[in-house]
Amino acid sequence: MSLWNKWDLHPSVLIGLAFLGGLYVYLGGLKSPRRQVASFVGGLAVLFLALNGPLHNLSDTYLFSAHMGQHLLLTLVFPPLLLYGTPAHVVRPLLRPRWVMAVARVVRRPLAAALLFTGPIVIWHAPALYEAALRHHNLHIVQHVVFLATAVIMWWPVLSPVPELPRVQHLLQMLYLFLLGIPMSITGALITLSDSALYPFYAAAPRVWRLDPLQDQQIGGLLMWVLGGFMLWGVMTVIWFRYSVWDARADAEASVPEEAYGARVSNDQ
């Protein structure tokens, strides 16, 4: 009998969520506009749902496609909600140590951020590494932490909360996200079009919803290839419309308008 629909709660996830939420409250995040607080809370909810309960059980034990869906939530949904919901006055104390700011100035550059995100995503889907993460719980935790951390860095050039580490110009944001989608699409296409099961763990897993291993793998590959691409295109569409508004005021080409960061700098001091 499949037990994937049980609501198992994982202490490590709950501790991480409590830490993020507590830090947000301690640094004054609740004083932010409601839309930002709602976005931050939404991000925590996405993380909770992705790493607990049915989706987590399906991805860890039964379905490659569920695991791919989980990874999309961790990399393409949680980070933008987190960054959009975190105001400058919450981020600045975390950047105060000189070494943190020095590292941040390097990794937030588009090329560095793209490589830091794309490298692990592509490499970890190699069958040997993916299989190792599935069979060794601690390595699986490391995999998820790497995906989360590098995804936050990847989204920084688009959704940086602080002008000190500025977002790139709007047209460059769209180009950046378009190019980021190419390695993901190629990896997803290779998984989808494979004529054999790539991951023995899922090939031997109990069957759910009468999906055979190859069908499950094809659905997972399509999620990465098609759905992941649509998600990035959706963000690019939003950026385009926002760019059109600011460009009408002739302030989009020089830099990203200060209001895009959520509040005036003087209000965050």
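Accessible areas here come from the Shrake-Rupley method with a 1.4 Å probe. On that basis, the chain in this predicted model has an accessible surface of about 13,400 Å², and 71% of that surface belongs to carbon and sulfur atoms.

**Overall shape**
- The chain has a radius of gyration of 19 Å, which agrees with the value near 18 Å that a compact globule of 269 residues would have.
- Along the principal axes, the C-alpha trace spans about 60 × 35 × 30 Å.

**Burial and charge**
- Of the 269 residues in the chain, 46% are buried.
- There are 17 positive and 13 negative side chains, and the centres of these two sets lie 9 Å apart.

- As general background, nonpolar side chains tend to be buried together in soluble globular proteins.
- The largest nonpolar core holds 56 residues, and the members that touch the most others are Leu-95, Trp-155, Tyr-176 and Leu-177.
- Helix α9, covering residues 137-159, gives the most to this core, contributing nine residues.
- Apart from that core lies another one of six residues, including Leu-58, Tyr-62, Val-208 and Leu-211.
- Leaving out residues up to four places away in sequence, Leu-95 touches Val-100, Met-101, Ala-104, Val-162 and Leu-165.

**A buried threonine**
- Thr-118 sits in helix α7, which runs over residues 110-124.
- Thr-118 counts as buried because its relative accessible area is 16%, and the cut-off for buried is under 20%.
- Beyond its neighbours within four places in sequence, Thr-118 is in contact with Leu-180 and Pro-183.

**Two loop residues with positive phi**
- Trp-209 has a positive phi, near 55°, and is found in the loop between α11 (200-203) and α12 (213-248).
- Trp-209 counts as exposed because its relative accessibility is 55%, and the cut-off for exposed is over 50%.
- Arg-210 also has a positive phi, near 60°, and is found in the loop between α11 and α12.
- With a relative accessible area of 82%, Arg-210 is exposed.

Technical notes:
Residues are numbered from 1 along each chain as its sequence is written. This is a predicted model: local features need pLDDT of at least 70, side-chain atom pairs count only at pLDDT 80 or more; totals for chains, interfaces and linings use all residues. Side-chain values use heavy atoms; hydrogens and water are left out. A nonpolar core is a set of buried Ala, Val, Leu, Ile, Met, Phe, Trp, Tyr and Cys residues joined through side-chain atoms within 4.5 Å. Buried means under 20% relative accessible area, exposed over 50%, partly exposed in between (1.4 Å probe, protein chains only). Helices (H or I, at least four residues) and strands (E, at least two) are DSSP runs, numbered from the N terminus. Contact means heavy atoms within 4.5 Å. The radius of gyration is taken over C-alpha atoms; the globule rule is 2.2 Å times the number of residues to the power 0.38. Lys and Arg count as positive and Asp and Glu as negative; His and the chain ends are not counted. The place of a charge is taken as NZ of Lys, CZ of Arg, CG of Asp or CD of Glu.
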